[in-house]
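Q: I have a structure open and want to go through it bit by bit. Can you take some questions?
A: Go ahead.

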Amino acid sequence: MRTASNLTVSQYQLAALNRIAFLAATAADVCTLFQEAGTELMHAFSADGMGVLLLDPVTGERVVAHRRGLTPEGEALWAALPTRDTLTAQVVADGRARSWLREDFAPAAQAILAHTGYWAEAAVPLQIHARVLGCLNVTFRQPRRLDPAQLELLHAMASHFAAAVESQRLLARQRAVSAENAQLYEELRLASAELARNQTQLAQRGHLASLGEMTAVLAHELRNPLAILGNAHALLERRENAEPELRRQALRAMGQELKRMNQLVEELLHFGRPTAPSFEPLCLWALVEEVKEAVSAHLPPQVEVSVELHGEMPRISFDARLIRQALVNLALNGAQAMPAGGRLTLRLQETSRGAQLEVEDEGMGITPEVRARMFEPFFTTRATGTGLGLALVQHAVVQHQGHLEVHSAPGEGTTFRIELPRSPSAPAPSA
Ligand SMILES: Nc1ncnc2c1ncn2[C@@H]1O[C@H](COP(=O)(O)OP(=O)(O)O)[C@@H](O)[C@H]1O
Ligand SMILES: [Mg+2]
């Protein structure tokens with residue numbers, strides 16, 4: 001910033017410079033600054049008029065930001081004059097301060113000065129470093145030329161105006177940027193709220209869809225056994241003295257259907273509320289044999305169940321309930337795939353990671369279409385299926401951080417292979 005440094009500058013003018021510096025640093029806005037500092041400046045120079053002209057930072061257009069000592073008519077005369085004839089245009093163009101008497105002006109400008117009663121004008125650039133923001137001028141009703149020291153003082157005062165203009169602009173730009181940031185932030189917030197809402201809706205739709213499917217399956221599943229139970233019950237009631245064989249048949253049918261309904265409820269409960277697995281170092285081979293016994297009792301005699309242990313007895317930790325359920329489901333599926341009978345093999349083998357279980361049948365095999373959907377809950381191709389078996393198998397494998405594979409060729413049978421790690425780590429969060 002420039003400072004005044006010549007003896008022709010009075011104490012009073014130096015004090016005015018200080019006050020202008022203070023006003024520039026503290027004014028709430030540039031209009032207030034032009035008003036208050038303008039008054040100081042006019043007093044300091046005993047000027048009769050003054051003006052501040054600013055270049056629009058975007059368009060470069062000249063804008064009269066402040067004006068004193070001119071009537072609206074005088075203002076209009078100056079505005080109509082080609083800018084090259086004005087003093088301010090020249091100062092803005094080359095950034096050099098000037099002090100002119102009426103005779104230094106172009107004839108058209110001289111006429112306006114005469115008309116408005118002015119004899120002299122001095123103008124200095126409003127500058128930040130080399131950048132010219134505009135210019136500040138003072139006008140006199142006497143033919144008065146400012147000496148270099150006075151011009152330098154005016155320039156020093158103008159530099160405070162320039163600094164204030166610049167910081168106001170920076171502030172405005174910063175406000176605009178923060179407003180833009182705030183708007184972006186708001187848009188982002190709205191967008192993520194919308195996303196969250198969509199996700200919830202999707203999830204709800206998914207839940208509703210499976211709830212709808214589940215209701216349909218349940219209704220279907222319950223209607224058959226209920227019809228059979230109803231028939232058997234009616235028969236027993238109507239024919240109290242029915243032959244013992246008929247009564248036995250009716251009771252057996254009722255028992256079977258009750259069992260089927262129980263099974264359905266059981267599977268649904270497992271599926272709907274899977275509890276966290278608990279892994280224990282148990283004997284997997286014992287479990288395989290137990291499953292063989294359990295399923296054999298339910299299978300027709302033409303299905304032959306066998307178990308095989310290959311190599312050493314694997315020692316691993318597992319959740320017995322989940323693995324038993326998975327094996328039973330795979331074994332029943334295998335048996336159901338062999339309506340004409342065949343061999344069902346449960347195989348256990350130790351692996352480097354842990355253990356491998358296989359359930360192999362000699363059934364009809366799985367088509368690619370069924371294969372693509374068979375793990376979906378409720379997907380079934382069987383009239384009496386629940387479609388929950390393989391979904392439960394997959395759930396059990398996932399809980400053990402294991403691996404599930406299917407090998408199947410239509411007409412040649414199917415093998416489901418489960419790989420289990422030796423000791424599953426922390427239980428996966430239950431779905
Ligand atoms: N071993 C298999 N052989 C042929 N098809 C199978 C076998 N296991 C499963 N599937 C097919 O996968 C479907 C889904 O099986 P699952 O989830 O156990 O339900 P469900 O047994 O109630 O039908 C079955 O309906 C069947 O079409
Ligand atoms: Mg099944």
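Q: Which residues of helix α5 are buried?
A: This is a predicted model. In α5, which runs over residues 107-116, the buried ones are Ala109, Ile112, Leu113 and Thr116.

Q: Where do they sit around the axis of α5?
A: They are on the same side of α5, because they cover an arc of only 100° around the axis.

Q: Why would residues with gaps between them point the same way?
A: An α-helix has 3.6 residues a turn, so residues three or four places apart point the same way.

Q: And what does the buried side of α5 pack against?
A: Its buried residues pack against α3, residues 72-80.

Q: Which exposed residues are on the face turned away from that side?
A: Pro107 and His115 are the exposed residues carried there.

Q: What follows α5?
A: Gly117 comes after the helix, and its phi is positive, near 80°.

Q: New topic, the largest nonpolar core. Which residues touch the most other members?
A: The core has 39 residues, and those with the most contacts to other members are Leu41, Phe45, Leu126, Leu136, Leu154, Met157 and Phe161.

Q: Which helices and strands supply at least two residues each?
A: The helices are α1 (11-26), α2 (30-45) and α6 (148-238), and the strands are β1 (49-55), β4 (120-128) and β5 (131-140). The largest share is that of α6, with eleven residues.

Q: What does Leu136 touch?
A: Leaving out residues up to four places away in sequence, Leu136 touches Leu41, Gly51, Val52, Ala122, Ala123, Val124, Leu126, Leu154, Ala158 and Phe161.

Q: How many residues are in the other core?
A: That core lies apart from the largest one and has 38 residues, including Trp285, Met374, Phe379 and Ile418.

Q: How is the chain divided into domains?
A: Domain 1 covers 11-178, domain 2 covers 203-272 and domain 3 covers 280-421. Taken over C-alpha atoms, the centres of domain 1 and domain 3 are 94 Å apart.

Q: Last topic, ligand 1. How many residues surround it?
A: Ligand 1 is surrounded by 20 residues, and the closest are Thr380, Thr381, Thr386, Gly387 and Leu390.

Q: How far is an oxygen atom of ligand 1 from an N or O atom in the side chain of Thr381?
A: For Thr381 that distance is 2.4 Å. An oxygen atom of the ligand is also 2.9 Å from a side-chain N or O atom of Asn333, and for Arg382 the corresponding value is 3.1 Å.

How values were computed: Residues numbered from 1 in each chain as written. Chains lettered and ligands numbered in written order. Predicted model: local features only at pLDDT ≥ 70, side-chain atom pairs only at ≥ 80, totals over all residues. Heavy atoms only, no water. Buried < 20%, exposed > 50% of the residue type's maximum accessible area, 1.4 Å probe, protein only. Helix = DSSP H or I, 4+ residues; strand = E, 2+ residues; numbered from the N terminus. Arc of directions from axis to C-beta. Contact = heavy atoms within 4.5 Å. Core = buried A, V, L, I, M, F, W, Y, C linked by side-chain atoms within 4.5 Å. Domains from an automatic or database assignment. Near = heavy atom within 4 Å. Polar contact = N/O pair within 3.5 Å; in protein donor to acceptor, adjacent residues only side chain to side chain.
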